[in-house]
Amino acid sequence: ADWFAGAGRTPDLGELRWGRHPEWFGLWAAEHTACREGVALFDMSFMSKFHVQGRAAGPLLDWLATARVDGPAGAITYTQMLSPRGTLE
């Protein structure tokens, strides 16, 4: 089942607004609590390292990423890459 639906339910993200919790919020909170107070195993195989070099590497990565990554050689920045529409997927 999807994390925001539960077994046998149709996923519906609902409206995300401050002070109002969508229907899936209780499921998310229970999962968060279980991870925080118990043990959790996460598949992080989607995370990758890229070696990008050249004069335009820094500005290109700044354009693609959600964080500024154009810094000194050897620095590591945790960020996410954006889709062509400028969104996370």
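Student: Which residues are buried in helix α2 (residues 57-64)?

Tutor: A57, G58 and L61 are buried in α2. Buried means under 20% relative accessible area, exposed over 50%, partly exposed in between, with a 1.4 Å probe and protein chains only. Helices here are DSSP runs of H or I with at least four residues, and strands are runs of E with at least two, numbered from the N terminus. This is a predicted model: local features need pLDDT of at least 70, side-chain atom pairs count only at pLDDT 80 or more, and totals for chains, interfaces and linings use all residues. Residues are numbered from 1 along each chain, and side-chain values use heavy atoms, without hydrogens and water.

Student: Why is A65 called buried?

Tutor: Its relative accessible area is 9%. The cut-off is under 20%, so A65 is buried. A65 sits in the segment after α2.

Student: What does A65 touch, not counting residues up to four places away in sequence?

Tutor: T79, Q80, M81 and L82. Contact means heavy atoms within 4.5 Å. The C-alpha atoms of A65 and Q80 are separated by 5.6 Å, at 15 residues apart along the chain.

Student: What is the secondary structure of the protein chain?

Tutor: Two helices and zero strands.

Student: What makes the chain more spread out than a compact globule?

Tutor: Its radius of gyration is 18 Å, well over the 12 Å that the globule rule gives for 89 residues, so the chain is more spread out. The radius is taken over C-alpha atoms; the rule is 2.2 Å times the number of residues to the power 0.38.
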